[in-house]
Amino acid sequence: MDLSTHNMTNLFNQLGLPSDETSIQQFIKDNAPIPADQPIYEASCFTDVQAAFLAQGLDEDSDWSEVIDTLHSALSGPAK
């Protein structure tokens with residue numbers, strides 16, 4: 001049983017990105033907005049490996065899917 005905590009910090013760790021709160025907020029600021037209807041794994045700010053992890057997490061509705069959705073919401077601009 002996987003008892004690890006799936007939060008934004010751990011997602012950024014999993015993606016190999018700086019995971020302190022300031023770095024997470026800066027990443028979001030630097031890369032937002034992405035279209036709300038664009039899958040997060042298609043965003044240009046992710047490498048192929050990172051995109052594959054995000055796509056797999058969503059496709060399998062894994063424990064990561066909720067925090068991936070949270071990141072997608074943070075990166076998405078207002079609907080136009």
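Student: Which backbone nitrogen lies 2.8 Å from a polar atom of the side chain of Q50?

Tutor: This is a predicted model, where local features need pLDDT of at least 70, side-chain atom pairs count only at pLDDT 80 or more, and totals for chains, interfaces and linings use all residues. Residues are numbered from 1 along each chain as its sequence is written, and side-chain values use heavy atoms, leaving out hydrogens and water. Q50 itself sits in helix α3. The backbone nitrogen at 2.8 Å from its side chain belongs to T47.

Student: Is Q50 buried or exposed?

Tutor: Buried means under 20% relative accessible area, exposed over 50%, and partly exposed in between (1.4 Å probe, protein chains only). Leaving aside residues up to four places away in sequence, Q50 touches L15, L17 and C45, a contact being heavy atoms within 4.5 Å. Its relative accessibility is 8%, so Q50 counts as buried.

Student: How wide is the arc that the buried residues of α3 fall within, seen down its axis?

Tutor: Helices here are DSSP runs (H or I, at least four residues), numbered from the N terminus. In α3, the buried set is Q50, A51, F53, L54 and G57. Taking directions from the helix axis to the C-beta atoms, these residues line one face of the helix, because they fall within an arc of 160°.

Student: And which residues are exposed on the other side of α3?

Tutor: The buried residues of α3 have cover that includes α1 (8-14) and α4 (65-75). On the other side of α3, the exposed residues are D48, V49 and D59.

Notes: Helix = DSSP H or I, 4+ residues; strand = E, 2+ residues; numbered from the N terminus. Polar contact = N/O pair within 3.5 Å; in protein donor to acceptor, adjacent residues only side chain to side chain.
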